[in-house]
Amino acid sequence: MTTAVVILNWNGRALLEQFLPSVVKHSSSANIYVADNASTDDSIAFVTENFPQVKIIQNKENGGYAKGYNDALAELKEDVFILLNSDVEVTPNWLEPLEYMFASSPNIAVIQPKILDYKKKTHFEYAGAAGGFIDRLGYPYCQGRIFNTLEKDEGQYNEDKEIFWASGACLAIRRSVFEEVNGLDEDYFAHQEEIDLCWRINNKGYECWYNASSSVYHLGGATLNVMNPKKTFYNFRNSLYNLLKNVSGIKAYVFIFIRMLLDAVAGIQFLFQKRPQHLLAILKAHASFYLHFFQVKRKRSQGNDSQRYPLIFSIVWKYFIQKKRKFSELK
């Protein structure tokens, strides 16, 4: 089995300088690539000068996460791709458990390691934690993270587990499956495209897994901070894309209608918090969704809904009304 670790970069000289050394040091069994999204800084010159063993893929434009990776991976022939954010510090022996898990079952298509917070290494990190799940209304949550509540890593998620989605901060995927589902959806540009990817993979009968023996540390917020209205825009719009694309029949429209009501509540909350720019981002997200509705609808899955995703109907109800703050409490 051959493995490619691919780091997407856009004007990220400082991040590469900080985090690339750990990837080079602890990934000797893999080919390492930096895929550059048409940077205007000297990040690629820095990599070329200091890490000659790292291969450079030069994309022609900044197409965001989805197009950036689609373009970068198009010519690679390794058996496994690991999509790794430029702000991730890997640990010794992080790679071997992932490769071993792929070898153990041909039906495992996607694997995520344990993702801990680089700034607070005792706790799980927002983007992925110990593996992702989703409720019927399209709200994502994780083992170790529900909304903005992050759990301390006390070994409670130290068992491998089938999950629904893997974080794009560190996502390992079989090349054959990536090609079979036509890669990432470029209409997303950024945020939640990995959830859509995993959803489509689940709908085809493949499995996504969390591997507890592999750990990485994610800085987070290096591209878009959680307080950035652009992040709000992409998360709200792309979540609606996920429902329209991947839920079959009339259920998709019922769930989208309920989401519209909940998004309105979220917008009012932003207004009371004196964050009107985020209310505006939600309105723009819905406008963009309606504008692209038929374009996205044409991509609807022809297969059955994955039976793995509807663990609960509403994580919003569980978290805000029932006050369930930990993944273990959802059971």
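Strand β2 (residues 31–37) pairs with strand β1 (residues 3–9) in the parallel sense over 6 bridges, where strands are DSSP E runs of at least two residues, helices are H or I runs of at least four, both numbered from the N terminus, and pairing requires at least two DSSP bridges between two strands. Within this pair, Leu-8 stands opposite Ala-35 of β2. The model is a predicted one, in which local features need pLDDT of at least 70 and side-chain atom pairs count only at pLDDT 80 or more, whereas totals for chains, interfaces and linings use all residues. Residues are numbered from 1 along each chain as its sequence is written, and side-chain values use heavy atoms, with hydrogens and water left out.

Strand β1 is also joined to strand β4 (residues 80–84), by 5 bridges in a parallel arrangement, with Ala-4 opposite Phe-81. Because 7 of the 7 residues of β1 are buried, the strand is largely enclosed by the rest of the structure; buried denotes under 20% relative accessible area, exposed over 50% and partly exposed the range in between, for a 1.4 Å probe and protein chains only. Thr-3, Val-5, Ile-7 and Asn-9 point one way from β1, while Ala-4, Val-6 and Leu-8 point the other way.

Together with helix α1 (residues 13–25), strands β1 and β2 form a right-handed β-α-β unit, that is, one whose path from the first strand over the helix to the second runs clockwise with the strands pointing away from the viewer. The axis of α1 comes within 8 Å of that of helix α2 (residues 43–50), and the two cross at roughly 30 degrees; α1 is therefore roughly parallel to α2, a class that takes angles under 35 degrees. The contact (heavy atoms within 4.5 Å) involves Arg-13, Leu-16, Glu-17 and Leu-20 of α1 and Ser-43, Phe-46 and Val-47 of α2.

Strand β13 (residues 207–218) is mostly covered, with 10 of its 12 residues buried. Its parallel partner β6 (residues 108–117) is joined to β13 by 9 bridges, among them that of Asp-117 with His-218. Antiparallel pairing over 3 bridges links β13 to strand β5 (residues 88–90), where Val-90 stands opposite Val-216. Strand β11 (residues 161–163) likewise runs antiparallel to β13, over 3 bridges, and Lys-161 stands opposite Tyr-210.

Leu-98 lies in helix α4 (residues 95–104) and counts as buried because its relative accessibility is 1%. Beyond neighbours within four places in sequence, Leu-98 is in contact with residues including Ile-82, Ile-111 and Asn-211.

Methods
Axes are lines fitted to C-alpha atoms, for helices over the stretch in contact, and angles run from 0 to 180 degrees between N-to-C directions. Angles under 35 degrees count as roughly parallel, over 145 as roughly antiparallel, 65 to 115 as roughly perpendicular and the rest as oblique.
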